[in-house]
Amino acid sequence: MTRAKLPPWLVLLLPAIVIILAVVMVPLLLSLYSSFTPYHLTRPETLWKWIGTFNYVKAATDPNFWRAFGRTVLLLTIALNLEMLLGLGLALMVSKVTQGQRLLRTAMMFPMMFSPILVGFQFKFIFNDNVGLVNNALQSLGLTERAIPWLVDGNLALFAIIMAEVWTSTSVFAILILAGLFALPQDPLEAAKVDGCTPWQSFRYVTLPFLMPFIYIAMAIRSLDVARAYDIVQVMTNGGPARRTELLWTLIGRTGYVDARMGYANAMGYIAILLSIAFTVYFFRKLQSARRELGMAD
Amino acid sequence: MKGPMAGSVLALLAGFGFATAALADGEFAGVTVEAKLIGGQQYEALYARIADWEKATGAKVKIISQKNHFELDKEYKADIAAGTTNWCVGSNHSSFASQYPSLYTDLAPLLPAETVAGFVPANIKAATIEGKLVMLPRAQFDVSALYYQKSLYTDPAKAEAFKAKFGYDLAPPETWDQFRDQAMFFAAPPNFYGTQYAGKDEAINGRFYELVVANGGKMFNDDWTPAFNSDAGKQALQWFVDLYKAGAVPPGTTNYLWDDLGNGFASGTVALNLDWPGWSGFFNDPASSKLAGNVGVAPAPQGSAGVRTGWSGFHGFSVTENCATKEAAASLVDFLTNEDSQKLESAAGPLPSRTAVWDHVIAEAKSDPYKSEVLAAFQETAKTAFPVPPTPYWIESGNLIFPELQAAILGDKTVDQALEDASDAVEELMRENGVI
């Protein structure tokens, strides 16, 4: 009797395969399955009722879902670009510092060390219409007489949320771009100087193209972060008032855990994941083309 | 096992009288009761008594979770989904209870009739869902009454100006229309507001619900189709809209919850405030409130149908259906809601849910005019108080309704449009779940 022997490569990979199956694939498949059921947390028997694409059709035809989807894309676009610009500026300035640079780099990372929930509470207080710092400062300086409803007006609330996001995560860009600046070869820059390029031209045509791969990596990481934005928004506005700051994950979180409609929440979640996939694919393509431009191998 | 054990406990209960019935020495020796309790400083005094129950019965209580009710609610739902419901005692709330029809057991067979008879009948009625007594109410009965700044009503210049404008005497409002007039009259934004209201989540739904009832309407028809898109509903929502448009409430009120309201009133920048009994001490304490000594309390005003608002709720303790030691768990629940426990909790301000304890707190407050005023106002309001509609979809339908109420308040939609959209959404929810 001979024992069936598994090929060595499979034996070696087996622990990883088992772990991935247990912690990723099974929950993923279960949640995908539940999105085709009316699964309600408080009525476990509903997990076994197949309703086809009902949840997907419901989400796809719900204007509130698409508004939240659009708002998430808007938030993502504005926050990412702002963070990139500010992070780039910060990194360029810090790279010029000759004394105390380490201290500055550490200080730059402070906002990243705060829990997003606490950042949410902090900014909720700062933008409070009655006792908040911003309104008090504006009123004390005589710039306005009225209490500006920062977290009520749709645009202002989105601005307040973006401020919180930018405050907490700009340093992600700054650190990655700073790493790029440190790796920047000096020869092309010196050649540009010899050729008579202005500082702006050197930056635009030498430094920036070299930094682009780093920027796209930071963009890809942060796009996933912002696309699943939940904690800061949940604390500051919880998607309200009147759905004015509703993002995909505040909507999905409420549907799944407060309303207990997990089947429907999962269906919305799967549609939302498309957004993250689209952004990731986009940034990786950009990353590859930036690397090609620099003559790096794919 | 349930039958004989329950029988022996009942015999014991009958023998010893209701309050200390189950506390026979060592009755539950070796038993460990796992509990999920609402957390918060104000609840700790009662939990300190658990040691006495452990000493008397020989059982142990293991608190496995302590969170606020919103977090507990999510945890219970996850427990039901995962089938991990063999812990025994859970904090419950009348506004949430109907969502967990299968989680909790009927306490009536586990307790003597005298125990249940000691509670205010309306509370027991609200704690009974589909014929099951799912919880025993603790001394955390909540209904809202009107807090106001007394000095505003003793200023002759204000009284004269008010009468000239509205044609009737300035006195604490007895109707919600008078309340609106006065809130607009007192408002001087951005430093002083006529009133404020909780503007999101279940909080604004509850306020809307009680105004609908006070105006003679209801949230649901008997067949659970939505009924709030009615004249009474429109009048109720218009009240919120008018106050917001007039600038009589802080502009951020649609983001406010209870703490914002309590702190706002205590800061002295709000004239009228419909709020819960738990705040009464805070408002009149010089350490926490600028209004200490200047707080008046009146029963909740009446709506256009002559009915007082009275959305009420209470905390309670329940025993799970899957608890292996239901008798010990029921004994703990009984202990935590007995007369001594309720006297201890209500001494700090919250309202009791036992008739005898109501009499006790009123007698105790005789020498304190403020406390007497508070109790009189809340007792009057409690007489006509009503719980939330007994549907498992109350919270879920509320999550569909409140964004529409906010949309009307902020001017994104008209009152008619907002109520129509909310009504359609709730009807769809009820249809999807096979209720209608």
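User: Why is B:Arg180 called buried?

Analyst: This is a predicted model, and in it B:Arg180 has a relative accessible area of 17%. Buried means under 20%, so B:Arg180 gets that label.

User: And what makes B:Asp177 partly exposed?

Analyst: Its relative accessibility is 44%.

User: Which parts of the chain does the salt bridge of B:Lys36 and B:Glu75 link?

Analyst: Here the closest N and O atoms are 2.7 Å apart. The pair links distant parts of the chain, with B:Lys36 in strand S1 (residues 32-38) of chain B and B:Glu75 in helix H4 (residues 69-82) of chain B, 39 residues apart. B:Lys36 and B:Glu75 are both buried.

User: Why does the pair of B:Asp412 and A:Arg244 join two chains?

Analyst: The two side chains meet in a salt bridge at 2.6 Å, N to O. B:Asp412 sits in the loop between helix H17 (394-409) and helix H18 (415-432) of chain B, while A:Arg244 sits in the loop between helix H10 (231-236) and H11 of chain A, so the pair joins two chains. With a relative accessible area of 42%, B:Asp412 is partly exposed, whereas A:Arg244, at 17%, counts as buried.

User: How many salt bridges does the rule find across the interface of chain A and chain B?

Analyst: The rule finds 6 across that interface, and the count over all chains is 28. A:Lys58 and B:Glu428 form a salt bridge too, their closest N and O atoms being 3.1 Å apart. Those two belong to a network of salt bridges that also links A:Arg261, B:Glu396 and B:Glu432.

User: What else describes the interface of chain A and chain B?

Analyst: The two chains bury about 2600 Å² between them, with 48% of it on carbon and sulfur atoms. A:Thr42, A:Ala242 and A:Arg243 supply 19% of the area that chain A buries against chain B, more than any other three residues. In terms of contact, 30 residues of chain A meet 32 residues of chain B. There are also 14 residue pairs in polar contact across the interface. By class, the side of chain A that touches chain B has 13 nonpolar, 7 polar and 10 charged residues.

User: How do you know that the radius of gyration of chain B agrees with a compact globule?

Analyst: For 436 residues, a compact globule would come out near 22 Å, and chain B has 23 Å, so the two agree. Of its residues, 58% count as buried. The secondary structure of chain B comes to 18 helices and 10 strands.

User: Last one: is A:Leu211 buried or exposed?

Analyst: Its relative accessible area is 0%. That is under the 20% cut-off, so A:Leu211 is buried. A:Leu211 is found in helix H9 (residues 199-227) of chain A. Leaving aside neighbours within four places in sequence, A:Leu211 is in contact with A:Leu88, A:Ile177, A:Gly180 and A:Leu181.

Definitions and conventions:
Residues numbered from 1 in each chain as written. Chains lettered and ligands numbered in written order. Predicted model: local features only at pLDDT ≥ 70, side-chain atom pairs only at ≥ 80, totals over all residues. Heavy atoms only, no water. Contact = heavy atoms within 4.5 Å. Buried area = accessible area lost by both parts, 1.4 Å probe. Salt bridge = Lys/Arg side-chain N within 4 Å of Asp/Glu carboxyl O. Polar contact = N/O pair within 3.5 Å; in protein donor to acceptor, adjacent residues only side chain to side chain. Nonpolar A, V, L, I, M, F, W, Y, C, P; charged D, E, K, R; others polar. Helix = DSSP H or I, 4+ residues; strand = E, 2+ residues; numbered from the N terminus. Rg over C-alpha atoms; globule rule 2.2 N^0.38 Å. Buried < 20%, exposed > 50% of the residue type's maximum accessible area, 1.4 Å probe, protein only.
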